[in-house]
Amino acid sequence: MRLIDSSTYELREFYEKQIPRYAILSHRWKEDGEVTFQDLQAGRGPEMSGWAKVEGCCRQASKDGWRYCWIDSCCIDKTSSAELSEAINSMFEWYRRAEVCYAYLSDVNFKKGNRYTLEKDFARSAWFTRGWTLQELLAPQWVEFYDINWQEIGTKSSLAPLIKFITGISHLLNYAEASIAQKMCWASLRQTTRIEDQAYCLLGIFGVHMPPLYGEGTNAFHRLQMEIISQSDDESIFAWEGRSNVTTGLLATSPRQFQFSGDIVRTDFDNVRPPYSMTNHGLRLELLLEEKRDDSSKKGALVFNSEPRRSFIAPLNCSWKSGKGNLECRYVGIVISTAAEYLDLPARGWIRHGKLERYDSTRGVDLVPRTILAEISKPAPVFSRPQCVIVKLSTPWEPPFTARRRYAPLSDASWSPNSSEGEILKSFYKSDELAALVYEDGTSTFAVILGSSSFVFWIDIIVDKAVLQKLETFPEEVFASLVRPVTSQGGGDRIIKKLPDGRVVSALSKKELRAATYRFAVDIAICRSGKAKPGDLELARFHLGELALDGAFNW
């Protein structure tokens, strides 16, 4: 561990039992001007804008009688991956062992205004929004807050009520007693420059260690949860919420999914439940299940997955805490489903649904013990994907085609007609879902299919009368007719089809940004008969009317 001499600004290295008493700094990094290890070694520190912060920390440490202090920006050689890994895994312990932590709030000025405005500025400080400062608040026993001029604002103890209000941290002075869900909640809205740091900044809080691998993206949070469940039986790690009707593995993909889990605490719903274990078929759990009877249906909805699944509520060993600190009578339940018909033997492929259920303990008579093998899938690659689709007819035709029927997915997505632009599909975000518009003009009918396969957006056009008739009467039974085989899912983004009356309908899709709205745009065009089976370039020209139709292509 390297420490700075608070009098000479020289770096010294110590090992284990040699480490002296020291003060430690907590601060927000600037984009430039921070004094690094190389800057301090080369003597460039006093020339940099971040030197005032280093000088202020050392001056305060010296004033308090501490010969040494630790500042992350210049005590860690970040060019060494081995040293950076050691620092990330040791940082929580370093803050815990410090005699005092100076929390430097560069966006708070003690000299301005009265106590009311000071508390207001203190609450608005960006220091409370950063991921790394969470452990810097929790780990040290003694934290002193300073403004931009190094005027003391107060301590963690004296400002505890205000800090709890700002951060939502219920266990400010005894964080170890909080549940996993509560700790995740504290971090849910905090930000880090690197996405991997959303996980790395929580290592010490959960008492786990793992090597940092910058470049792994959201997989870092997946690895963090795997480390946690290998050491803890706290089932509140499964008490996160995603969007409704979204299915996924048993683990969350981001701390943000624990945003509303701050009142979930450990309790014993099933106090004889065996510990869960990791297998090569998924996470093995022995749960009490109640089959979920969901008679709700959404008229005019398209079901993407035709595979029948049975859904169950599984109460966890955790419960919601009321505002007065008392446990509510309802436990936290997760909704899981399987395609397995028989559950007498451990069934594979269980998946988790997004929302939590409040489970009343009086319903326990319907619970059946079962062993499940739940999916623990790694996060899928994240694509830049709009969640809004605009469908518009770009070529006028008499009589005009109009949208007669609209089919929305069984999710949060919904159609919103817009007379000035076209048909708008909002909240189209699921990894696998299906929507459709049926257009008619009195003589011809066609359907525009909007699909998502593993988050990849695609379009297709249906002109077959038999399929259209099924779509009108039994939309849930025509999935196989609308979606191509798994080897080539979807229709892509350039489609052309011939209507029964000889006219041609084409569709082009692309991403666009209009009035700050990020969306997919699907342009539909109807033209006279053509002979076509074109490639992208020919189709685009044909669609835009730049290419003659008569005899141009061959069907």
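**Close-up 1. Ile-390 and Ile-424 in the pairing of strands E17 and E20.** In this predicted model, Ile-390 stands opposite Ile-424, a residue of strand E20. The two strands concerned, E17 with residues 388-393 and E20 with residues 422-426, run antiparallel and are joined by four bridges. Strands of a sheet pair in general through backbone hydrogen bonds, in either a parallel or an antiparallel sense.

**Close-up 2. The open sheet that includes E17 and E20.** Six strands with mixed pairing form this open sheet, in the order E19-E20-E17-E26-E25-E24. Strand E19 (414-418) and strand E24 (494-498) stand at the edges, and because each has a single partner strand, one side of each is left without a neighbour in the sheet. Neighbouring strands of the sheet are turned against each other by 20° on average, with direction ignored.

**Close-up 3. The hairpin of E22 and E23.** Strand E22 (residues 445-453) pairs with E23 over seven bridges in the antiparallel sense, and Leu-450 has Ile-459 in E23 as its bridge partner. Two residues lie between the strands of this hairpin, where Ser-454 takes a positive phi near 55°. Strand E23, which covers residues 456-462, is mostly covered, with six of its seven residues buried.

Close-up 4. A search of the whole structure finds one cavity of 30 Å³ or more, and the largest cavity holds about 30 Å³ of space.

Key
Residues are numbered from 1 along each chain as its sequence is written. This is a predicted model: local features need pLDDT of at least 70, side-chain atom pairs count only at pLDDT 80 or more; totals for chains, interfaces and linings use all residues. Side-chain values use heavy atoms; hydrogens and water are left out. Two strands pair if DSSP finds at least two bridges between them. Axes are lines fitted to C-alpha atoms, for helices over the stretch in contact, and angles run from 0 to 180 degrees between N-to-C directions. On a 1 Å grid over the protein atoms alone, a cavity is a set of points where a 1.4 Å probe fits but cannot get out, and a pocket is an open set with protein on both sides within 12 Å along at least five of seven lines; lining residues have an atom within 4 Å of a point. Grid points are joined across faces, edges and corners, and a volume is the space filled by probe spheres set on the points. Buried means under 20% relative accessible area, exposed over 50%, partly exposed in between (1.4 Å probe, protein chains only).
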